[in-house]
Each structure stands twice: as C-alpha cells, then as structure tokens.
There are 2 protein chains.
Amino acid sequence: MNGANALVETLTDQGVEVCFANPGTSEMHFLAALENPRIKAVLCLFEGVATGAADGWARMRGKPASTLLHLGPGLANGLANIHNARRASVPMVNVVGEHSKHHLAFDPPLMSDIEGLARPLSHWVRTAAGSGSIAADTAEAVHAAASHPGRISTLILPGDASWGEAGEVKRYPKPERQVRAPSPDKVEAAARVLHSGEPTLVILAGNACTGPALELAGKLKTISGCRIATQFFTRRIERGAGRVTLERIPYSVAPALKFLDGFKHIITVETGEPVAFFAYPDQPSLLKPDGCQVHELVARDEDCLAGLQMLLDAIGGGNAVAALQPLADRTTPTGALNPISVAQALCAAMPEHCILVDESLTTGRESMGYTEGALPHDTIQNMGGSIGYSPPVATGASLACMDRRTICMVGDGSAMYTIQALWTQAREGLPVTTIIFANNTYNILKMEYSNMKAGPAPGPAALSMIDIDRPTIDWRAMAKAMGVPSVQVETAEDFTKAIVASCRAEGPMLIEVKLY
Amino acid sequence: MNGANALVETLTDQGVEVCFANPGTSEMHFLAALENPRIKAVLCLFEGVATGAADGWARMRGKPASTLLHLGPGLANGLANIHNARRASVPMVNVVGEHSKHHLAFDPPLMSDIEGLARPLSHWVRTAAGSGSIAADTAEAVHAAASHPGRISTLILPGDASWGEAGEVKRYPKPERQVRAPSPDKVEAAARVLHSGEPTLVILAGNACTGPALELAGKLKTISGCRIATQFFTRRIERGAGRVTLERIPYSVAPALKFLDGFKHIITVETGEPVAFFAYPDQPSLLKPDGCQVHELVARDEDCLAGLQMLLDAIGGGNAVAALQPLADRTTPTGALNPISVAQALCAAMPEHCILVDESLTTGRESMGYTEGALPHDTIQNMGGSIGYSPPVATGASLACMDRRTICMVGDGSAMYTIQALWTQAREGLPVTTIIFANNTYNILKMEYSNMKAGPAPGPAALSMIDIDRPTIDWRAMAKAMGVPSVQVETAEDFTKAIVASCRAEGPMLIEVKLY
C-alpha cells in the first residue's frame, strides 16, 4: 500500500474514527485512502470548522479525531480552533498536506514553514520523512495526542510520502491512557486544609467535571463543607437534575473577586488558580483574596479520580453521600426576551441528555445558573477564548453523539467567524439546534470598553468597530443559504416552543433570537 | 497621548490611511485611537477578510494598509491571506493585540506565542516593549513593509503599551521607496541573449506589469522579437485595449511545458523561472525545456523600470514603438454558459478601468485570454494559492478605488472560505460585483485527482470530499443574509446583462452563475 493508505490504516488501528477534511491538490492520495470503510470522512468548507469539529468530537468521545488540512495556509485557517482545543486539553491529530520534498527547493507559491506554523499550538509536530516511516509517525502522533490530558499532534505529509510505497505496514496497538496518581504529599496537604475547617474552594476541571470524579467531589463537599466550583470555562461538565452541581467562578474581575472573597484556601484539580481572562488597567490578574493559599491536589497530567478518592479516604469521607441537584421549576417563561427569560426558556425546553455548547457571552450570561436544575445534560465551553468556536464544536459533538440533541448558543458576532459549519450540519443531517442571539453588536466589547478605561463610552469610530447593525445580518437567509431550516423568535414563549420543536426535528435547525 | 494614540498617529504620519479591523477586548484603547480622523477604520467580521482587504488595498495604492487583529488566534485567522500577500510582495502592517506583559506570567486562556505564529509569514516582527517606544516601533514597521518590493510587518501591541503614556511623540518621515538598479553585468548578459536572436521569453512580474515598465517591455518585444509573458498568477496587470499585452504561462504542467518548449532563454524580471504549482508524480517541478538558460535581469528587490530601460538602451531600442492591444470584438455571447461564453460575456460587459479580481480556477479559465482586448482594466491574481482570497481582496481593492467597479470572479468552493467579506462590502457601499461560479464542486480537485495519479477516478468517499452539492449553496440567500443584492443567471445573455446592470448600481451586487 502507499503512504496515504498506511497513514489512514494506522489511524484507524489506533482508534481514530473520523477525519474532518478540507482537502487540496497535494492530498489526493489521502482522499483515495479515505475509501477505507473504517474511517468516516466529513467535508468542511473552511478549515476552522474542521479543527473545531474535531475538538467537539473528542470532547464527547474522549479520544482524538483527525483533520485533513491543505498545506500551511490550510493549517493556519484551523489554528484558532486548535488553540481552543489545546487550552481545553482536547486530543487532536492534524494531518497537513505538504509539497514533495524535491519540489520545495523551487519555492512554489504555496510553500511556507508549516512546522513553524504548527509548533506554537501543537505539542507534537513532525514532517513525515517518507512513505516507509509514515505508519510509525502516525502511531506516534496518535499516541502523543491521546496521552493524558489530551494533546495536539500535527503530522505533515509530503506528497511523495503520500504516494510512495509504504511496504508491509506494521500494526501498532491502540494508545492506552496511562495516568499517574498525585503524590501522597499533595493529598495530605489538601486533607489538612479540609480538616482545618477554614473556608475552602475546590476548583475542578478536565476529567473531574464528569462521571465518578464529579460524584467524589460532591462527597468531598458533603463531608468537609468545602465549596466546589469550576473556572468560568470548562471543557465539559455533566450537570442538571440528579447530578452534583458545581458553582462557577464569574468571568468579570469584580464579581470574581467578590465570589472568591473570604476563601482561605483554594484546592485545584486539573487546573490552576483563577486568573482574569484579560489584563485591565488597575485590576489584578490573580483573583484570589489576600492571604488565600493555593494547593494543587491534581495536576493537569495526573489522575483526578485517584486524587479525589485518596483525599476522600484521607478525610474519612468514604461513606459520604453527595448532594444531587433537584429538578428545577421548568415553567415556560413568557413575554420579552432578555438574559433571564432566555435562560428560563432553555431550562424548560432542554431535552434529556442534550449537549449544550455555549458561546453566548452576553445574552446567554444567565443560562448556566438557570439550567443547573434542567434535565441532565452536558455543557461544553470555550477555554481558549478564540471566537468562532461553537458552531464547529457543536458540529463535531453532534456527529459523536447522533442520538442526542446538541444545542449551540452563540452571539451573532461570534457566529460569523465560522458560520460555514451550518453547511456540514445540513450535509450530515446532524441534530444540532443553533441559537443565534441577534443583538447586532459585539455587545461584550461595549462593556469591555469601559472596563478597559478606554474612555467613558466608545466614540463614533470605535462604535463602528463594535456595532454590526449596518447591515443587520439576516440569519434566516444565512441558514437557508446552507440548507438549514430556521425560525425567528421574539418572545420567550416562542423561543421555548422553537427549541422544543427543533428537538423533534431530524436534522439541524437555526433559531434566530431577535433582540432589540 | 497614550501608546495606542501614538501608534495610530504614527501610522497616519507614515501614510497609512486605512485599518481593516476585527477587534477584541485587549484592543479597546486602539479602538479609541481610531477616532483619529486621518485614518479610516473598516470593520471585518473575520480576520481573513481584514488581511485580504489590506492586500487588495495595497495592490491598488502601492503602499501598505494596516490591520487590527485580536491576539494569537486573531492573527492565525488572518495568516492565510497574509501568506497570499507575502507571495505577491504586497506591503502590509498588522497590529496584533496582546495581553499586558505582567498578565502573561499567569498563562491566561488567550495566551499564545504570537511572535512564533507571526514569524513564518512576516518579514518584520516585534512586540512593543512599552508605550514609550511604540511610535518608533510603528515607524519601523511601516518602513519595513513599504520597502521594495513590499513586505509583511507584524507589530504586537501589549495592553499596557497601548494604554500607557507615550509622552511627546516624535514625528517620523514617510517611507521613501529606495530601489537599486540591476547591475550592468546582468543587463549586458540579457542584451547578449536578445542580440543572439535565439528564441527568448521575458517573464515579467511585480512592478513590471503596470505603467511605464510595461510599456518598455512592449518596446523590447518590438525591437528584439522576444516574447513577453507573466507567470500564471501576477500581483497586478494593467491590460486591455491600448495596453501592451503579456502572454500567460499556463497553470497545468503539460500545457506549460508545451508553451515553454523551444525557448533557448528565459529572462526574468522581478520573478524566478517557471515552477509547477504542485508536485505531481513523474512530472517535473521546473518547467523550462532542456538546455534553456535562465537569466535574471531584475531581482525582486531591484528596480524593473531602470532594468528594462538599461536593457532597451543596450540593444539600441530607444525609439522602438510598443505594439498595443486592439479593442476586441465585444459582441454579447448567447446561449449556454461555459468557460468560453463566460469569458466573452466578461469581455463585452467589463467597464473601462474596472478591477478584475480573479479566483475562478475552472469556469473562469478562459477569461484572461478573452479579455485581452476588453476595455482597459486591471487584473489581480492570487500568487499564494491559499483560497478564500478574492472576496476580501476585492473588498480592499474597491475601497482603494471607489470610483472604479471591482469585479470579483470566484468559484463557489473558494467563496465559502471568507464569504463574510460580502458584509463589509454592503456596510461600506463598495462598488463590487461578485460573480459566483456555482458548479457545486471543487472542480479543480476532480482534475487534480487524476493528474496526481491517485486513481482512475475518485471513489465515493473521495468524491464526497470534492463535491459540495449536498446541500447546494443558495447564493442569493447568502447575499441577502449580508445585505448584498443579487441575481441568478443561467444564460450568456443574462450574465452579460447582469454584469452591465451591476456596474450601474451604487454598491455591491452578487451574480450567481448557475452551472449544470
């Protein structure tokens, strides 16, 4: 078989099931290799959709998806969502086409330093030396990506390595995730903190926000009286009625300082201490109060399940029972749409086991609070802060979980970055409900303008860089352009009904929430 | 004044008139500084639109535009069109927001190695050390960008350098483009070649394809009998009736080999010898015939006007008269739309002094040939090969020349990468006619699949990565979504009429050319 076939065969041996692709001329042999029935190829009309979809897929499946990107510029177009995935410790294997080595000597138009572009946002980068080593390279790329806590691998595939003969291909075993437990010293220190009875916040991230680890965190809370929370953004949280509820550290500096005020200790699990998203003049970067001590219980590359169990054992909490979230009042809200009625509508309408991908910075700001007691669901958030994240991530998450409804909440400004994701949703018939909060402005920036002390209020030139109301975007037309049915709503009742109706649909649906 | 004001003030002193912006929180002081009436700020809803627009603006004005991008991911989103600009030697000054230095120590979510991301595709990269040095940094960035033949500068602007006090700002003079003439040795060698009477091709690029240099090339042809041509893609060509016509080396390897067959000499002006766009199995990378000698007359960083004049003097061609292109038959074609009738329609309908931005790989393939004798116009082509180039470049070119009609020809697949450009065209009321060739496929890849010998024809999985027909994109809805009027055409008559009508419109227009 040729190098491209060896690559795809090894990907599938390693458990990679899907490739989100935006191909070009140099990847034609790879396209031929995608006839392999063990991998599903999904076409994306922009590379940022491909990398975001790979992120969403991996968040739901806990193992890497692959992407196919076309040379340096194709990789560049995918980098913003690679950044987001990297920040969330999401595994990803990027395959980037490249000219044949002999051709590079002639400086052809599409030549660029692909390794140089890949390195700042990849943990593992390699240009395949040739078709003979491609299987080994691929196995190493997948192993690197799948290693705990999830890494970015970028394998650069020259044309000649793709079309050259690979010979007999060695079979490499699937990666096994080996995670070490935290040291007993760290557990002992955390236990002392909890024994002290001083106000303590345990901040959970990564694998600690799902499954049995989350349950253990709930027991810790019961037995020790600590509070348990996440950062403002988390890779994935299992939440809703019947689950352990985690508080959320606010986004803005002032409310975050207020939230953290009074804590003497912060214990971290797969995360660090709370840091402001941006630097503001005269505001702190670190958000903990004076005198508060930070104790790392579980590092990002350690085993949170072991760590939390060790801590629970150390404080004698083996029989503790976690408090579980009761079902909220799910009365349908009425009247005008605002952040609260939006959140109430979501809580009322979200179906069981839905996946909520949240990129609604302002209109959706109440949603996490109000949906604590919704039917059990998962949330996915953007840990990297690069916008244009949610439609692609929702696309991949939905493909990973076709039996669940994925709800993507996104502001109009954010949605425009990678709106091409709608087309892939239509093509694949994905059960995604995209909710566009159409307020015709980068609303967050209006707030940040004064937070930044850039002036009392934006002047006309600055405002013209913030408001996106000339022209207003016609979201129903946008959905139609890419084959997605849509509806526009202006009241809380209609919004609730629209979500419910979308969840009964077969494929994707776009709901434009018209805000005034 | 603060650092942001010093930056914008220095940009304007240096002759930078426009900033294509996609701002975020860290750039709020820069937004405030954009109230400066000497700079026009243009909002783009995706960073690739901003960098592409800066490219188009600079191609028409011959001096750099600026962009404003939001941290590493914002830069990343702009890189593909920076690559294209770099390959075309187009000057550009990118300003990239960054966290304050003290904040970076805490590894906030949006942190990345911005310098590392910028370096592979920038000629000049610097992170501003502080507000005190920002004016000097900015002046150096513009000088670097504006130096011949046009370079990419990336200035990284930390928040504290933006909001800190810059003191009295020194005024820096505008960059003066200093270009050295080629050495007499090179001129002499080229003169010997032309005197020899052996078949010679002069390949022109950069500044040699416009203005007086193009006229000199025409005289060279008259006096020496050489042929004069461009590479397949060129930054900008002044062409049409009354101009010196340049031949064009074909894109595909086989016709390019045929075109070049028989030449004993190639003389290059601001370019290199012809190279295949991609590497193909068993096909050459270098396209010149065996025994053909390549002679560099003018390097990319040298003065082509001086070089061509020196050569003309050396061969005694001072009084030669260049043959000028006669006006073509501009009869309106009728019947079905195909590459030839599309090209004839363009030739008939293109208004005088229009700007033709060409990213039509397959359906538009006859256009350059058939429009040789159209009314005088400029063409702009993509020298970097990263698709998603033309709607942004057309946006910037149009803003640079509001009194001219810009016609952007683009395939449906290519248009989807940076389609957000339509919104900026509507917002600014730009006289851009976007022609979408809607064949519902990445047609070029179908050809390349067999050129690459990936197989006799794409199988079902490969085809599903090439055809974009499920769903078909509704281009009139896409235009409506972003406030651009549109029309769909299916015949050559209607296509011609639609172009003519669009040229009478005030602002943008989209023409969907429905292909079957």
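Modeller: Let's start with a crossing: H3(A) passes H4(A) in a right-handed way, meaning that the near helix is turned clockwise from the far one by less than a right angle. This is a predicted model, where local features need pLDDT of at least 70, side-chain atom pairs count only at pLDDT 80 or more, and totals for chains, interfaces and linings use all residues. Residues are numbered from 1 along each chain as its sequence is written, while chains are lettered from A and ligands numbered from 1 in the order in which they are written. Helices are DSSP runs (H or I, at least four residues), numbered from the N terminus.

On the H3(A) side, the contact (C-beta atoms, placed from the backbone, within 7 Å) includes A:Glu47, A:Gly48 and A:Asp55. Among the partners on H4(A) are A:Gly74, A:Asn77 and A:Ala85. By type, the contact residues split into four nonpolar, eight polar and two charged; Ala, Val, Leu, Ile, Met, Phe, Trp, Tyr, Cys and Pro count as nonpolar, Asp, Glu, Lys and Arg as charged, and the others, Gly among them, as polar.

Now zoom out to the two chains. In total, 81 residues of chain A are in contact with 80 residues of chain B. Helix H4 (residues 71–87) of chain A gives the largest share of the side of chain A that touches chain B, with eight residues. That side has 50 nonpolar, 22 polar and nine charged residues. Also, 99% of the interface residues of chain A are interface residues in chain B too, so the copies meet through the same surface.

Technical notes. Contact = placed C-beta atoms within 7 Å. Helix = DSSP H or I, 4+ residues; strand = E, 2+ residues; numbered from the N terminus.
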